[in-house]
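Welcome! Take a look at it first, and then we will go through it topic by topic.

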Amino acid sequence: MSDTQVPGHHAQDKTAQLHRELEAVWRNPHGWRALTVVNHSTLGLRFMGTGLAFFLIGGVLAMLIRAQLALPSQAFMTPEIYNQVTTMHGTVMMFLFAIPVLEGLAIYLIPKMLGTRDLLCPRLTAFGYWCYLFGGIILLSSMALEMAPDSGWFMYTPLSSGEYSPGKGSDFWLLGITFVEISALSAGVELTVSILRTRADGMALHRMPLFAWYILVMALMIVVGFPPLIFGSVLLELERATGMPFFIVEQGGDPILWQHLFWLFGHPEVYIIFLPAAGIVSTLLPVFARRPIVGYGWAVAAVIITGFISFGLWVHHMFTVGIPHLAQAFFSAASMLVAVPTAIQVFVWLATLWLGRPRMSLPMLWILGFLVIFVCGGLTGVMLALVPFDWQVHDTHFVVAHMHYVLVGGMFFPLMAGLVYWLPLVSGRMPSERLGRLGFWLTFLGFNLTFLIMHWTGLLGMPRRVYTYDSTMGWDIYNLISSVGGFMLSAGIAVVLLDLALHWRYGRPAPPNPWEADTLEWALAMPPAPYNFASLPTIKSRHPLWHNPALGDEMARGEHALADASHGRREILGGEVLTGRVRERIHLPTNSWWPLFAALVLAVVCIGLLVRLYPLALGAFLVAVVMLLRWAWENGGHPVAAPLGDEEGDELPLHSRTQGGPARYTMGVSLIADGAFFHSLLFGWFYLWSVSPQWRLPEQSPLDPMLLIGAGIAFALGMLWLERRLRRLYAGNETRLALAFYLIAAFGGLHVLLLGVLLWQADLAPTDNAHDAILLVSLSYLLAHGLLATVLMVLQGRRAALGYVSTRLPMEPGVVALFWRYQLGIYAVLAVSLGVLPRVIGGGA
Amino acid sequence: MIRRVLWLDTEHPMQLALGLTIWSLWFVTVYGGLSVVCAVSPPAPEEGAFTGLNLVLGGLTLLTLGFLAWLTQRCVAAARRKRGRLRYMSALAGGLYLFSTLGVAFVGLPLLLLPPCL
């Protein structure tokens, strides 16, 4: 007997040793140092917890609105306060609840579903969280200071401009939201790259969980969709703070430009919120139908189509601003087109239910609620896509009702389903069916009572954003019913929260994989360890836990890949995008104060701009840049990250020892976001040029052609040299590498110098006319990028001198080269657009 | 020797984005072109839908339509030949090209019916 026990004990000891090592490397610190945590599980939960707090504040604001509208001619709120409350309700729910909470869910779940230990950029996750928290606090402080924004959640100009909103409200919105959007972009970039490059071995794209497809498309939509709003916010804040007239017609601007920029973000935003929620549905429904989803490929196609087509609908929010009928017809048709992929998904879900053996558990109840409400919201969406109908109900409560059917039905109900479904994973306990069902029915009935009736109120002509109405309008009873329904809905949410509070103490302990699910997160301990998996699996099926129910035990025993943490590094596997085949070991950074400090200093920038203490804002900005560069310093072959050793381990290289590590993808996706910002800038230039009635090109272009060409040539020469040195480095030649990098940086410096002289010589009058204002913004954009490219190159020179970049550590210069290529590309496009075209087409001599 | 461009393979992930990217570019060009011409030199409303602008935009639409249809056919044919992951990716790309083709046709249809700048 002892012969069989000894090997067993030995194996247990080995497993325990492995878990101890992993725990030592991956554990979260406590006390004050908990602020340094970068672990995706902790930060995902922090995102969701913070989002819940903001949701409750947004919910209270909604109840204030319904209290005010319950009866005609009420004086419960003044018109000024009502405007602030409606603006903040929409803003809080959209920017501080819906997106961050779904990002939090994705941050928590994606590494677990992909069979890995963390996201690719853990410090970026932490930075995103702190930006979100501080941005949200800054925005909400406006309410406490009684100076909240009051121009509606879409901040239309000229209402939100300095002339009609002279207070600080609009500034709070513009600066606070831009700060929060840094968080969204951070999550968008790292989710994209993590999904593409850190999936488990063998998890080819066609075996990836559907939830990951949805999050991939959502993340890419954030990357492309948010920059137009950031650009618009920058312009509007510049106009308010300094008087640059981007949206003032008399000085060559156009208020409609804001609408374009806002809705270029705003409509995709609806799908950014909907897609992850639909991903929850596509994940849960097959589990409760006890069969694989019907039409996996159809669902993937539908998600990709939605991601693209949703960017072609933005003008359907602007059907009443006076654009040609033919243009309206394009957007009307595209708006109907987007119903097709949504319908495909609905049919995929129905077919799965039809062919499966559904169990009616609590999560399914929320999903059925979603199906009913969202389909109704989708149908009123098709109605609104019809231009004549839209004209009739534009700016009425019909639109408000439609929007809530789509957003609450399309996001909140699936989110609740997901919350109930994944709660056992977080707490190790099962949700309460009884309280949960009560909460669902109160919410479902309350919601429909509020918003179904609101369609009628809208059809009867009640406009949105009016603080009261006269009894003679005939809207009394509908508003009263909506208000009663609103409070019933609140009671439902209160029951859900009560259930959640009791759950942690009284919930029944959950068995392993309690829902008999197929995805990898259910192979984990409940709650999961900070390193998720003790060893990383090889995937051969779309349903790994249905294929091999013992997979979780095997991984916990360390029978799969990377079952070693004795080196002290946080390691995950990096794989090929298409096949998921492993190609490197990625070493991740560990807990750090830099994300918190950098976000804190950016909060100072935000407050400095808000109170117009510009020296403070500038100083803090420079400190933030230094901090971010210092943060980036501890990467690659730096002793804090993964110093070169004589023995580098097994046959899989560490990613910093390769030429094409995931950092290239991270830079590439970040540049897509930057490119979206750049395209918004280009759009602004050409839009004002072609549409703004008072736009005037000067007789003589203020940009000196020789300086323009000279700055371009200087940068192009530096770029060519960099490419040549890269090829030599990859071929194994590192002779005088540091010197070469310093000299390349000198070309960058010359480029910046010439650009600076160009700007100085142009003698622009940016507060006089929109032409000079947008020219100043464009040149500043180029200058900032040129400066950053130069600084990064200087740092590469220093790193080469210190031995952090070499033939054995060749990754980083290739990443910096991507940024240089980008700068060269945008320089060429802007030089032609700003310097050449005005001379060729007209205006300039 | 001609270097093989990997992302032109029907099973390459880029193929999943290419069709809808073409749709997006076509959409922006048609809407942008219409808006600029209407702002700079709009045709007379009495000309109806048969203007030079409609003709140019319609021609561009037909070209895009033909190109996307060819890409659809190429992926569908490849999907029939291949197996496993390669078949899956080619079929998915084919479906997305098909949707993009129909999307161009559907959204471009008003060019036949409406005057451009009214």
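This is a predicted model: local features need pLDDT of at least 70, side-chain atom pairs count only at pLDDT 80 or more; totals for chains, interfaces and linings use all residues.

Counting contacts in chain B between residues at least 6 apart in sequence, 79% join residues at least 24 apart.

**Chain B as a whole**

- Chain B contains 3 helices and 0 strands, and its pattern along the sequence reads α-α-α.
- With a radius of gyration of 18 Å, well over the 13 Å that the globule rule gives for 118 residues, chain B is more spread out than a compact globule.
- The C-alpha trace of chain B spans about 55 × 30 × 20 Å along its principal axes.
- Of the 118 residues in chain B, 40% count as buried.

**Where chain B touches chain A**

- On this side, 31 residues of chain B are in contact with 24 residues of chain A.
- Two or more residues each come from α1 (14–40) and α3 (84–108) of chain B.
- The largest share of the side of chain B that touches chain A is 13 residues, and α1(B) supplies it.
- Sorted by class, the residues of chain B on this side are 26 nonpolar, 4 polar and 1 charged.

**A helix pair across the two chains: α8(A) and α3(B)**

- Helix α8 (residues 296–309) of chain A packs with α3(B) at an angle of about 45°, and their axes are 10 Å apart.
- The two helices, α8(A) and α3(B), are therefore oblique to each other, and their crossing is right-handed.
- From α8(A), the residues G297(A), V300(A), A301(A), I304(A) and I305(A) meet Y88(B), A91(B), L92(B), G95(B), L96(B) and F99(B) of α3(B).
- This contact of α8(A) with α3(B) has 9 nonpolar, 2 polar and no charged residues.

**A helix pair within chain A: α5(A) and α18(A)**

- The axes of α5 (residues 169–197) and α18 (residues 594–610), both of chain A, come within 10 Å and cross at roughly 165°.
- That angle makes α5(A) roughly antiparallel to α18(A).
- The crossing in which α5(A) passes α18(A) is right-handed.
- On the α5(A) side the contact is made by D171(A), F172(A), L175(A) and F179(A), and on the α18(A) side by L602(A), C606(A), L609(A) and L610(A).
- The classes in the contact of α5(A) with α18(A) are 7 nonpolar, no polar and 1 charged residues.

How values were computed
Residues are numbered from 1 along each chain as its sequence is written. Chains are lettered from A and ligands numbered from 1 in the order in which they are written. Helices (H or I, at least four residues) and strands (E, at least two) are DSSP runs, numbered from the N terminus. The radius of gyration is taken over C-alpha atoms; the globule rule is 2.2 Å times the number of residues to the power 0.38. A residue is buried if 20 or more other C-beta atoms lie within 10 Å of its own, exposed if 12 or fewer, and partly exposed in between; C-beta atoms are placed from the backbone. Two residues are in contact if their C-beta atoms, placed from the backbone, lie within 7 Å. Ala, Val, Leu, Ile, Met, Phe, Trp, Tyr, Cys and Pro count as nonpolar, Asp, Glu, Lys and Arg as charged, and the others, Gly among them, as polar. Axes are lines fitted to C-alpha atoms, for helices over the stretch in contact, and angles run from 0 to 180 degrees between N-to-C directions. Angles under 35 degrees count as roughly parallel, over 145 as roughly antiparallel, 65 to 115 as roughly perpendicular and the rest as oblique. A crossing is left-handed if the near helix is turned anticlockwise from the far one by less than a right angle, and right-handed if clockwise.
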